[in-house]
Amino acid sequence: MTDAPVRILLVDDQQLVRLGFRMVLEAEPDLVVVGEARDGAEAVRLTSGLKPDVVLMDVRMPVLDGIEATRRIVDADPAARIIILTTFDLDEYAFGGLRAGASGFLLKDARPEELTSAVRAVAAGDAAVSGRVTRAMLELFADRLPAGAAAARGGVDPAAALTPREREILLAIGEGLSNGEIGARFYLTESTVKTHVGRVLSKLQLRDRVHAVIFAYENGLLER
């Protein structure tokens, strides 16, 4: 018995772009495109009805842009997995998409193998952006992050649910370290690190490593 294919919704206002992505994706036996949307509003409706495993979301579209569409989709279904499609690396659209709840971003001119790998990673619950890239993006757009979050909570520790080791793991993720790098720092096997990462994400109700970086940064756990 084989695993079910990853079901994908394509969202882009240009038909030729959607066609190109469809051709690349459906050349893979484990990937299938279940629908296409021409704008963000249609994406929200189709995601609700089709329940795709992954949404490939353009940002600049009529009616409703991809950032707001991402926010509405994630608000309605926190388990939704979205990859933002952007033209420029580390731009404000990719940043906005991650903060809205996307699990990664891809350049529109990404190589076919980069596209398919990102889709598989996000479908499996991982992120399509490295922690280092996320950290660089947060530093680039730091002026758009909420200020004084810790003060607003009255000094409550946002990571109070974590054990001392899990807190160390969270901070290492926030620095952009990979599992292998975290293991080397704390003399842990990668499988042990993976277990700790899973517990951190579960306790803090975070979607993936990307959002762990965002959480640590926005809550003042990392120096800016």
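A residue counts as buried here when its relative accessible area is under 20%. The model is a predicted one. With that cut-off, strand 3, made of residues 54–58, is mostly covered, as 5 of its 5 residues are buried.

Which residues lie on each side of strand 3? Val-54, Leu-56 and Asp-58 are on one side, while Val-55 and Met-57 are on the other. Side chains in a regular strand alternate between the two faces of the sheet. Both faces of strand 3 are covered, with the residues on either side all buried.

Next come the partners of strand 3. Strand 1, residues 6–11, runs parallel to strand 3 and is joined to it by 4 bridges. Within this pairing, Ile-8 has Val-54 of strand 3 as its bridge partner. Strand 4, residues 82–86, is also parallel to strand 3, and 4 bridges join the two. Here Ile-82 of strand 4 stands opposite Val-55. To get from strand 3 to strand 4, the chain passes through helix 3, residues 66–76, in a β-α-β crossover that is right-handed.

Strand 1 has a further pairing to follow. It pairs with strand 2, residues 31–37, in the parallel sense, over 6 bridges. Arg-7 has Val-32 in strand 2 as its bridge partner. The chain crosses from strand 1 to strand 2 by way of helix 1, residues 15–25, and this β-α-β crossover is right-handed.

Taken together, strand 1 pairs with strand 2 and is bridged to strand 3, and strand 3 is in turn bridged to strand 4.

Methods: Residues numbered from 1 in each chain as written. Predicted model: local features only at pLDDT ≥ 70, side-chain atom pairs only at ≥ 80, totals over all residues. Heavy atoms only, no water. Buried < 20%, exposed > 50% of the residue type's maximum accessible area, 1.4 Å probe, protein only. Pairing = 2+ DSSP bridges. Right-handed = clockwise from strand over helix to strand, strands pointing away.
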